[in-house]
Amino acid sequence: MKATAKRTLTPRAVVLATAAAVALIGSTGAVTAFANDDAPAPHSSVQLSQNERHLDDTAKDRAQVKADKISQSQATAKALKAVPGTATSAELDTADRNGSLIWEVDVLGKDHKNHDVTIDAGNGKVLNQHTDRDDDAAQDAAETQAQVKADKIGHDKATDKALKAVPGTVTSYSLDDNDRNGSTVWEVDVLGKDHKSHDVTIDAASGKVLNQHVDQDDHDDHDDQGNNDED
């Protein structure tokens, strides 16, 4: 009987120990990452319909740009007001759980940490902001600082260069490393006036357009592979 009782109690003890460990994690603040994952989706003043949320990438871009009420520059300005620093990326996107249209802006703050700021794409209101606190946060921030140091043009000039190459509406930009040679570049996505999504790569040191192409799904939709090099 004792042996049976021991076997019965052991799993329970494991559960209790696990609960205690979770409570300890919560007391140290490490639970922040879990809280962010489980937090309610941001609710903006503009929502996409259920059908629009499940469109192909470019069709979804068109729907999002049509519904969007503020530009990437306005969204970035709102984010920088909330978190002073340097904007390193911004993206017009839809919260999957409720279809809310938002701008997600990443800022390297003056505190040398990476911050995520969520902006309502309808009225420019700051819906959420948090500091990157995951296990790789310090390393990611160091990499971002190196990219910012190498950048000589900033997101404004980068997006201006992209729009000169492809007139239209910027749907995202990001400061990144060039996969080919490790140099720092701006990757800018533009929904062109031709209603196609274009990727434009800008040299972050010189402002030169290094590459531009139409998104592959546009070729699939329009059966027009030749347009890849027309720009």
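Ala82 is partly exposed, with a relative accessible area of 30%; buried here means under 20%, exposed over 50%, and partly exposed in between, using a 1.4 Å probe and protein chains only. This is a predicted model, in which local features need pLDDT of at least 70, side-chain atom pairs count only at pLDDT 80 or more, and totals for chains, interfaces and linings use all residues. Residues are numbered from 1 along each chain as its sequence is written, and side-chain values use heavy atoms, with hydrogens and water left out.

Ala82 sits in helix H5 (residues 72-82); helices (H or I, at least four residues) and strands (E, at least two) are DSSP runs, numbered from the N terminus. Not counting residues up to four places away in sequence, Ala82 touches Val126 and Gln129, where contact means heavy atoms within 4.5 Å.

The protein has eight helices and eight strands. Eight strands form an open, antiparallel sheet in the order E4-E3-E2-E1-E5-E6-E7-E8; two strands pair if DSSP finds at least two bridges between them. Strand E4 (126-131) and strand E8 (209-214) stand at the edges with a single partner strand each, so one side of each is left without a neighbour in the sheet. On average, neighbouring strands are turned by 20° against each other, direction ignored. Helix H4 (residues 57-67) packs on this sheet, touching E1, E2, strand E5 (168-177), strand E6 (184-192) and strand E7 (197-203), and its direction makes about 105° with that of E1. For such angles, axes are lines fitted to C-alpha atoms (for helices, over the stretch in contact), and values run from 0 to 180 degrees between N-to-C directions.

| Strand pair | Bridges | Residues between the strands | Positive phi |
|---|---|---|---|
| E1 and E2 | nine bridges | six residues | Gly99, near 75° |
| E2 and E3 | seven bridges | four residues | His112, near 65° |

Strand E2 (residues 101-109) is mostly covered, with seven of its nine residues buried. Leu92 stands opposite Trp103 in E2. Looking towards E3, Val105 has Val117 as its bridge partner, and Ile102 stands opposite Asp120.

Which residues of the largest nonpolar core touch the most other members? They are Leu101, Trp103, Val105, Ile119, Trp186 and Val188, out of 31 residues in that core. E2 gives the largest share, four residues. A nonpolar core is a set of buried Ala, Val, Leu, Ile, Met, Phe, Trp, Tyr and Cys residues joined through side-chain atoms within 4.5 Å. In soluble globular proteins, nonpolar side chains tend to be buried together.

Thr118 lies in strand E3 (residues 114-120). Is Thr118 buried or exposed? Thr118 is buried, at a relative accessible area of 5%. Its side chain makes a polar contact of 3.0 Å with that of Glu104; such a contact is a pair of N or O atoms within 3.5 Å, and within protein one must be able to donate a hydrogen and the other to accept it, while residues adjacent in sequence count only if both atoms are side-chain atoms. Beyond four places away in sequence, the residues that Thr118 touches include Pro42, Trp103, Lys125 and Leu127.

Over the whole protein, buried residues make up 36% of the 231 residues.
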